[in-house]
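Hi everyone, thanks for coming. Let's have a look at the structure together.

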Amino acid sequence: MMKTLTRALIAPENPDVLVIAHRGVWQALAENSLAALHEAILQGADIIEIDTQTTADSHLVVIHDANLDRTCNFQGEVSTLSLETVRGARLKASDGREGMMLTHERVPLLEELLEEARGRIVVNVDIKYPRDVERVVSLILRMNMADGVLLKSKIDMTTQRFPLALTDISSTIPFMPILHARPGLFAQDLRHIEQFGAQMIELNFTDLADVIAARDELQRLGVRLWVNTLDVSHSLDFSDSRAALDPDGVWGVLIDAGVRAFQTDNVDQLVRWLKDNGYKNA
């Protein structure tokens with residue numbers, strides 16, 4: 001059976017190290033906007049990570065925070081506002097911090113963003129609330145976009161709780177568990193989640209030795225490892241800010257440890273560094 005776009009991209013047979021644009025490329029544009037999506041495509045990202053949740057009248061929109069206050073020129077909680085109200089707000093540039101100018105961008109509908117991304121870039125959909133899982137899945141299937149998205153959910157190995165219960169969905173829509181590498185137990189935990197058939201795992205860790213120790217198990221399972229180098233991720237000191245000064249000491253060290261995908265807020269630099277060092281086709 002022919003692999004879908006997402007599954008072919010993240011498959012171990014693809015030698016490229018993947019680049020994930022965190023909320024799009026937003027430094028000069030509005031995060032989670034269509035403009036940030038287009039810039040991610042232009043800069044060569046493989047995947048764009050976006051956030052979604054529902055309005056009061058049950059429309060899925062693309063926004064990270066529970067309210068509009070930080071990113072828009074309007075205040076209020078998304079889940080209590082109508083789509084008309086949410087779409088009436090304008091997005092601020094960048095991450096919306098003080099002093100950012102207003103843009104002409106509006107909060108996108110999830111359907112709108114998926115259509116813009118179709119066939120151009122894989123969309124990693126971060127479902128902010130469990131209440132929205134069924135609605136997101138229904139939309140993806142209705143749009144025939146299962147081959148262009150990647151869903152994810154945290155898995156707590158200490159309690160064996162899989163909160164979004166995506167084991168059934170993962171046979172239809174590619175699914176990525178989010179896992180914390182428990183000291184000395186990461187390789188063992190990988191075997192426990194084999195039931196998901198996941199081709200990629202988003203990993204947080206507190207000791208790089210745990211990541212290195214699991215390389216053989218990752219290879220056996222055919223699982224690609226995704227690590228965030230976002231400044232807010234706190235996986236030791238492997239951050240975008242440090243990578244800007246010492247990419248070999250951040251991305252290079254992590255690739256040597258077995259990492260094959262990075263979520264970053266510095267897409268352009270990472271893409272260029274990967275190409276220059278032979279980790280991505282030009």
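Predicted model: local features only at pLDDT ≥ 70, side-chain atom pairs only at ≥ 80, totals over all residues.

Residues are numbered from 1 along each chain as its sequence is written, and side-chain values use heavy atoms, with hydrogens and water left out.

Okay, so where is S33? You'll find S33 in the loop between β1 (18–22) and α2 (34–43); helices (H or I, at least four residues) and strands (E, at least two) are DSSP runs, numbered from the N terminus. Is S33 buried or exposed? Buried, with a relative accessible area of 1%, where buried means under 20% relative accessible area with a 1.4 Å probe, counting protein chains only. The S33 side chain reaches the backbone oxygen of A30 at 2.5 Å. If we skip neighbours within four places in sequence, S33 is in contact (heavy atoms within 4.5 Å) with L91, E105 and P108.

Now on to strand β6, residues 175–180. Five of its six residues are buried, so to speak mostly covered. On one hand, β6 runs parallel to β5 (residues 149–154), joined by four bridges; two strands pair if DSSP finds at least two bridges between them. One of the partners here is M176 in β6, bridged with K152. β6 also runs parallel to β7 (residues 200–204), with three bridges, and L179 has L203 in β7 as its bridge partner.

Conventions: Buried < 20%, exposed > 50% of the residue type's maximum accessible area, 1.4 Å probe, protein only. Polar contact = N/O pair within 3.5 Å; in protein donor to acceptor, adjacent residues only side chain to side chain.
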